[in-house]
Amino acid sequence: MREVEVGRPTELPVFEALRRHREEIGARHLRELFREDPDRGGRHTAEAAGIYLDYSKNRIVDETLRLLVAFAEGMGLRERIEAMFRGEPINETERRPVLHVALRAPRGERIVVDGRDVVAEVHHVRARMEAFAEALRAGEVRGHTGRPLRNLVHIGIGGSELGPRMVCEALRPLARDDLRIRFVANLDAFDFAEAVRGLDPEETLFLVCSKTFTTLETLTNARTAREWLLARCREPAAVAHHFAAVSGNRAEAERFGIPAERIFEIWDFVGGRFSVDSAIGLSVVVAVGAAAWADFLGGLRAMDEHFREAPFERNLPVLLALISIWYSVFFGAETRAVLPYSQALARLPAFLQQLEMESDGKGVDRAGRPVTWPTAPVVFGEPGTNGQHAFFQLLHQGTHLVPCDFIVPCRGPYPIAPHQDLLVANGLAQAEALAFGRTPDEVAAEGVPPELVSHRSFPGNRPSNTLMLDEVSPRSLGALIALYEHRVMAEGTLLAINSFDQWGVELGKRLAGTLAEDIRAARPAGRDSSTRTLLARYLERRRRT
C-alpha cells in the first residue's frame, strides 16, 4: 500500500485550544447557558432536507463552535468531502473510491472512475431492479409450477440485511398486504426456520444478497433455502425460478443456479453498510414500489447536496460529527444513545450500530499509526417510550455521560388520538429532563422527605440533540440515513481514520473456518486451552444428542 500522508488531530494548534476551552467551560451547566441566552433554543438550530436539528442542549457556547469548525477545516474535511464526490480512492487501504453518493445521483450526472461513468452503470442496474420488482408486485413473476411468487425471503447479513430490513419496517404502512417479505441473517437455524414458517415453497422467492457470494452465513442460509425448495419442487430447474441475487460475483451466483437475468450488480466502491440504496434494497422496492423508492433516493440526494455545499456551521452531518467528537475526545464519553420516538424506526439503532461502529471503530489512523485519541463511541438505543422503561434511569442518574440523539417525527402513520401527542410530549420531556434535571432544593420544596431528596434529585447537564421531521416517509427516511452516513464520514476524517474498511471482522471469520473443520473432524483442537476445552465439551454434548 502506498504511504498515506495524514495529519494527526492532536498536532493541530486548535486541538490544544479545544482542550483548554473544555477546561474553561466543562463545569458550566445547561441551566446557566440557557439563562444567559434566552434565545439559545432558537439560535443553536439548523435545517436541511426536511430535518430540523436542535443542538442547543449541548454543553457548548459560540466559542466552542468556532473552535470545532476551525478543527474541521484544519483536518481538511472540505477537501476530503470533495474527493469523495469526485470518486477519488479515499478508502486508502483497499485503494477504492467511496461512491454510495453515486447510487442516488440523477441520470445524466457523471462520475468517472477508471474511464467508467459509474452513474450510468447505477441507473442501468436501477432500471433492471425496478422492472423486476414491479413485475413481482403485479404477479407476473411466477415460480416453477406457474404460481405467482407472493413471498420474498431476503437472505443477507450485516450491510446486506440491516438496512433493507430497517427501511422495510419503517415504511411498512406503505407496503402491500398481499406480499410477504421476511429476512434471514443469522447462522442460527432458528432464523431461517422462522422466516419460512407458513410459507409455500411454490410461491416463494429467495433474494441472496452477498457482494462476494462467499459470505459464510449468507451462503449457508442460501443452500438451506435451496434444499427447502427442492424438498417440495424436486426438480433442480426450480432453483432458477425461485432465486435472485445481488452480488458483484456473477460467476458464483450463476454456479449456484441463479440465472443471469436475475443477478443484480453491486460494486466494490459501495461498502455494505452504505448499500441500502443499491440493488441490496430490491426488497424495499418490492415492498413499497418504484415511486416510493424514487422518493427515498430523493431524500438521500437532498442530504448529499446539503453535506457537500452547506457551510460547516450550518451543515447537519458536520455539526453532529463535531459535537460527537467534542464529547468523546474532550469529555471522555464512550457511548451515544439513539432514541427514535417512532416505532417505525425501531431497527434504526441496530442499523446505526453497524454504520458507525464498523466504520469508525479503528485503532490506527489512515497512515497505519496507532491513535492516541478515542474513535467511535458505542452506539445503542431503543424506540421511545420503550427505552424510558429500560435504560433511561442510567441516562438520568447514572455515573456515565451518555450524549443522546432524540429523533422525533411530528406525525405518525396511524392518526389514533392521543398517541402521537403523548409520544412527542415524552420525547421532548426526556430531552428537557436530561438537560436541566431537578435540584435538591426543588425536590425538597415539593415536600419530599429529607432522606429521599438525594434519591429524587436529577443532576441534569446531560447533552442531547433533537432531530425533528414531519413524518417517517420515504423521502425523510432517505435524508435521515444520508445524514448519518455523512456524519460517519466526517467524524472519521476528523479523527484521521479510514471509515470505509473493516479489517477487524476478518480474524474471527478465518478462525471460525478453522474451528468448523475441527468440528467436522470431531477433533477438539484450537490454539488455546480454553477453546480446546469448550470444543471438547461441545463435541461430547453433540455426540449425546
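Visitor: Which residue is the bridge partner of Leu152 in E7?
Guide: Leu152 has Leu205 as its bridge partner in E7, and Ile155 stands opposite Val208 in that strand. The model is a predicted one, in which local features need pLDDT of at least 70, side-chain atom pairs count only at pLDDT 80 or more, and totals for chains, interfaces and linings use all residues. Residues are numbered from 1 along each chain as its sequence is written, and side-chain values use heavy atoms, leaving out hydrogens and water.

Visitor: What makes E5 and E7 a pair of strands?
Guide: Strands (E, DSSP runs of at least two residues, as helices are H or I runs of at least four, both numbered from the N terminus) pair if DSSP finds at least two bridges between them. Five bridges join strand E5 (residues 151-155) to strand E7 (residues 204-209), so by that rule the two are paired, and they run parallel. On E8 (residues 243-247), four bridges join the strand to E7, again in a parallel run, and Phe206 has Phe243 as its bridge partner there.

Visitor: Why does one side of strand E6 and of strand E9 have no neighbour in the sheet?
Guide: Five strands form an open sheet with parallel pairing, in the order E6-E5-E7-E8-E9. Strand E6 (180-184) and strand E9 (263-265) stand at the edges with a single partner strand each, so one side of each is left without a neighbour in the sheet. Neighbouring strands of this sheet are turned by 20° against each other on average, direction ignored. Helix H8 (residues 189-196) packs on the sheet and touches E6 and E7, contact being heavy atoms within 4.5 Å. The direction of H8 makes about 175° with that of E6, where axes are lines fitted to C-alpha atoms, for helices over the stretch in contact, and angles run from 0 to 180 degrees between N-to-C directions.

Visitor: How do you know that E7 is mostly covered?
Guide: A residue is buried under 20% relative accessible area, exposed over 50% and partly exposed in between, with a 1.4 Å probe and protein chains only. Six of the six residues of E7 are buried: Thr204, Phe206 and Val208 point one way, and Leu205, Leu207 and Cys209 point the other way.

Visitor: Why is the ring pair of Phe192 and Phe206 called stacked?
Guide: Rings of Phe, Tyr and Trp (its six-membered ring) pair if their centres lie within 6.5 Å, and planes under 30 degrees apart count as stacked, over 60 as edge-to-face and the rest as tilted. By this rule the count comes to 18 aromatic pairs. The rings of Phe15 and Phe71 have centres 6.3 Å apart and planes at 55°, so this pair is tilted. Phe15 lies in helix H1 (residues 13-25) and Phe71 in helix H4 (residues 62-74), so the pair ties together parts that are 56 residues apart in sequence. Phe15 counts as buried at 5% relative accessibility, and Phe71 counts as buried at 2%. For Phe192 and Phe206 the centres are 6.5 Å apart and the planes are at 20°, so that pair is stacked. Phe192 in helix H8 and Phe206 in strand E7 are 14 residues apart, and their pair links distant parts of the chain.

Visitor: What does the side chain of Lys362 reach?
Guide: The side chain of Lys362 reaches the backbone oxygen of Ser359 at 2.7 Å. A polar contact is a pair of N or O atoms within 3.5 Å; within protein, one must be able to donate a hydrogen and the other to accept it, and residues adjacent in sequence count only if both atoms are side-chain atoms.
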